[in-house]
Amino acid sequence: MIGEGSKANSSSWILEEWKAPKTQRPWGYYRVLHQVEGCKVKELTVDPRCSLSMQRHGERAEHWMVSEGVATVEYARSPSWKTTITKTLNKHDTLDIDKHCWHQLRNETDVPLKIIEIQYGTSCKEEDIERRD
């Protein structure tokens, strides 16, 4: 019955989905939590043993914070692709990705990875992306 016991029939998931719908991707999904001109906040959920593409953005920088799981990040500190760093981020660790810098987020574990991503710059559109094979 609705409203009794464990609330198995609760509609709270419907409200959550309405407030921040999931956008499915091959690596998991993301939700946009907040968006204003020049700034977007997303929650990324990366499935176990999945990764995003190696990518960079021309109009925005990103700030990442691990909220759950362990992230493996490969990134360049400058727009040059010549030198990359691989870093492990644990819960509550953060990383800044500058504009034009290549980066890739990976979940090499057996549990989901959740990242809070703050995008900021002149454009925070999904189309501002260049991928590397």
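Predicted model: local features only at pLDDT ≥ 70, side-chain atom pairs only at ≥ 80, totals over all residues.
Trainee: Good. How many helices and strands are there in the chain?

Mentor: One helix and eleven strands, in the order α-β-β-β-β-β-β-β-β-β-β-β along the sequence. Helices (H or I, at least four residues) and strands (E, at least two) are DSSP runs, numbered from the N terminus.

Trainee: Let's take Q55. Where does Q55 sit, and why is it called buried?

Mentor: Q55 is in strand β4, residues 54–56. Buried means under 20% relative accessible area, exposed over 50%, and partly exposed in between, with a 1.4 Å probe and protein chains only. Q55 has 9%, so it is buried.

Trainee: And what makes its link to S53 a polar contact?

Mentor: A polar contact is a pair of N or O atoms within 3.5 Å; within protein, one must be able to donate a hydrogen and the other to accept it, and residues adjacent in sequence count only if both atoms are side-chain atoms. The side chains of Q55 and S53 are joined at 3.1 Å, and those of Q55 and H57 at 3.4 Å.

Trainee: Which residues does Q55 contact, leaving aside neighbours within four places in sequence?

Mentor: Contact means heavy atoms within 4.5 Å. On that rule Q55 is in contact with C101, W102, H103, I129, E130 and R131. C101 is buried as well, because its relative accessibility is 3%.

Trainee: How do you know that E62 is buried?

Mentor: E62, in strand β5, has 2% relative accessibility, so it falls on the buried side of the cut-off. Its side chain makes polar contacts with the side chains of R60 at 3.2 Å and W64 at 3.3 Å. Not counting residues up to four places away in sequence, E62 touches H57, L95, D96, I97, H103, E117, I118, Q119 and Y120.

Trainee: What makes T83 exposed?

Mentor: T83 has a relative accessible area of 58%, so it is over the exposed cut-off. T83 is in the loop between β6 (71–75) and β7 (85–89). Leaving aside neighbours within four places in sequence, T83 is in contact with Y75 and A76.

Trainee: What is the phi of R49, and is R49 buried or exposed?

Mentor: R49 has a positive phi of about 65 degrees although it is not a glycine. R49 is in the loop between β3 and β4, and at 55% it counts as exposed. H92, in the loop between β7 and β8 (94–97), also has a positive phi, near 75 degrees; at 55% relative accessibility, H92 counts as exposed.

Trainee: How do the residues lining the largest pocket divide?

Mentor: Seven are nonpolar, six polar and seven charged. Ala, Val, Leu, Ile, Met, Phe, Trp, Tyr, Cys and Pro count as nonpolar, Asp, Glu, Lys and Arg as charged, and the others, Gly among them, as polar. A pocket is an open set of points on a 1 Å grid over the protein atoms alone, where a 1.4 Å probe fits, with protein on both sides within 12 Å along at least five of seven lines; lining residues have an atom within 4 Å of a point. Of the 20 lining residues, W27, L52, Q55, E126 and I129 lie nearest the centre of the largest pocket.

Terms used: Residues numbered from 1 in each chain as written. Heavy atoms only, no water.
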